[in-house]
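Welcome! Try each task yourself before you read the solution.

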Amino acid sequence: MSHCFSNRNQRKLCSDTSTGDKCIFRVKFSSKMSYGNQTQTLNITAEQQYVGLLERVVFSTLIGMPCCLFLFINGIMLFTLRSKAAFRETCRYILLYNLLFSDTVLLALSQLMYIMAVCRILPTYPVCGVLTMLNRLTNEISPLTLVVMCMERYVAVCYPLRHATIITVRNTAIAIIAVWAFSSLNVLVQVLLLLTFPFEELPSLQMTDICSYEAMFLVPMSDLYDKAYTGFVFLSAGVAVTCSYIGVMVAARSASTDKASAHKARNTLLLHLVQLGLILLSTMHGTIIVSLSTTLPRLLIIRIRSSFYVFIYILPRCLSSLIYGLRDQTIRPVLMYYLCCRLPKFQ
């Protein structure tokens, strides 16, 4: 439209001007200016697109490399815990296997969804629903398993004589089944709430935004239920882990308690408390991002979201491998043996 008005003004100027050379010069000069402005705008747009693409490539590489590394380490840890009968028959390592399994699945799903977001792949609502609900299921397994592991350490330190009768393989299996059933019940409620949304009124099931857990809050009740459930779970888990930690500290002061074992259990519980706090942040980061998106530009929001993904999603899922892979004297030599491709000096 502006170009048309410019041509009209130029014609009027030519008709009103007595000298034709001046008219031609003004038209040519105006055309050159318009062409120069369009070229400059195109160059700026191309430069912005190039910078955005380069930034996405750099961020994806920096985020994908540590995620793939810890996926590999977690896979080796899972194989290690199934390689010897001593690990398969010890309740502590059975719980660790369950924790590592859920963390590994969550890492893989999160990395897949991150790659889809970076590549601007917009799935349909059913596909995104399956991915987000599986992500949510494995995300809820971790804090509940941490609570069971902390209770096991509490019994081992405070009631060492009754530990073998309380913490058995059968009771551990029941606890793991209860953890998965409780988490699955939460996902089932979320699915039922999601199905109340009138999808038939949508022109298409194709999503218009990236696939994320927050994008599936299509019903207001889903958001309220998620906040209530998350608050209840993490408040209960925090109280349980804190009470276990206090109980171990009190038991460590007793003369009848093994000081070395109590000190090691106390440090383990403290690391689990930190891990639980980071996992709690991972469930709250969506609310933080939504709040910031109302005041900050979209590019900055993407950068903050990527940073949160590294420090809140990836880091807590890697702590289990570091806590037990490096600190546990039973697992460490076997883990190093498999990590070093079964070299004889690590056997």
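**Exercise 1. A charged residue and its surroundings**

Does R136 count as buried or exposed, and at what relative accessibility?

Solution. Start with what you are looking at: this is a predicted model, in which local features need pLDDT of at least 70 and side-chain atom pairs count only at pLDDT 80 or more, while totals for chains, interfaces and linings use all residues. Residues are numbered from 1 along each chain as its sequence is written, and side-chain values use heavy atoms, with hydrogens and water left out.

Next, take the cut-offs: buried means under 20% relative accessible area, exposed means over 50%, and partly exposed is in between (1.4 Å probe, protein chains only). R136 has 5% relative accessibility, so this residue counts as buried.

**Exercise 2. Salt bridges**

Find how many salt bridges the model has, and say which residues are joined into one network.

Solution. 

Step 1. Use the rule: a salt bridge is a side-chain nitrogen of Lys or Arg within 4 Å of a carboxyl oxygen of Asp or Glu. The count comes to 3 salt bridges.

Step 2. Look at E140 and R136, whose closest N and O atoms are 3.3 Å apart. These two sit 4 residues apart in helix α5, so about one helical turn separates them. Helices here are DSSP runs (H or I, at least four residues), strands are E runs of at least two, and both are numbered from the N terminus.

Step 3. Now turn to D226 and R136, with 2.6 Å between the closest N and O atoms. D226 lies in helix α8 and R136 in helix α5, so this pair ties together parts that are 90 residues apart in sequence. D226 is buried, with a relative accessible area of 8%.

Step 4. The side chains of E152 and R153 also meet in a salt bridge, at 2.9 Å from N to O. E152 is buried at a relative accessible area of 4%, and R153 is buried at 14%.

Step 5. Through shared partners, salt bridges join R136, E140 and D226 into one network.

**Exercise 3. Two residues and their contacts**

Solution. Contact means heavy atoms within 4.5 Å. With that rule, D226 touches R136, Q190, Y213 and F217. S183, in helix α7, is in contact with L137, E140, I141, L144 and Y229. S183 counts as buried, at 0% relative accessibility.

**Exercise 4. The whole chain**

Solution. Then check burial: 39% of the 347 residues are buried.

**Exercise 5. Nonpolar cores**

Which residues touch the most other members of the largest nonpolar core?

Solution. A nonpolar core is a set of buried Ala, Val, Leu, Ile, Met, Phe, Trp, Tyr and Cys residues joined through side-chain atoms within 4.5 Å. The largest one has 44 residues, and M77, L81, L96, Y324 and I331 touch the most other members. Helix α8 gives the most to this core, with 10 residues. Looking around L81, and leaving aside neighbours within four places in sequence, you find contacts with F87, R88, Y93, L96, Y97, L100 and I331. Another core lies apart from the largest one; it has 14 residues, including M116, L137, L194 and F199.

**Exercise 6. Annotated spans**

Which residues does the UniProt annotation "transmembrane region" cover, and what is the chain like over 228–252 and 308–326?

Solution. The unreviewed UniProt entry places this annotation on residues 57–81, 93–117, 173–197, 228–252, 273–296 and 308–326. UniProt positions follow the numbering used here, feature names are shortened, and annotations may be inferred rather than shown by experiment. Residues 228–252 are 100% helix and 0% strand, with end C-alpha atoms 36 Å apart. Residues 308–326 are 100% helix and 0% strand, and their end C-alpha atoms are 26 Å apart.
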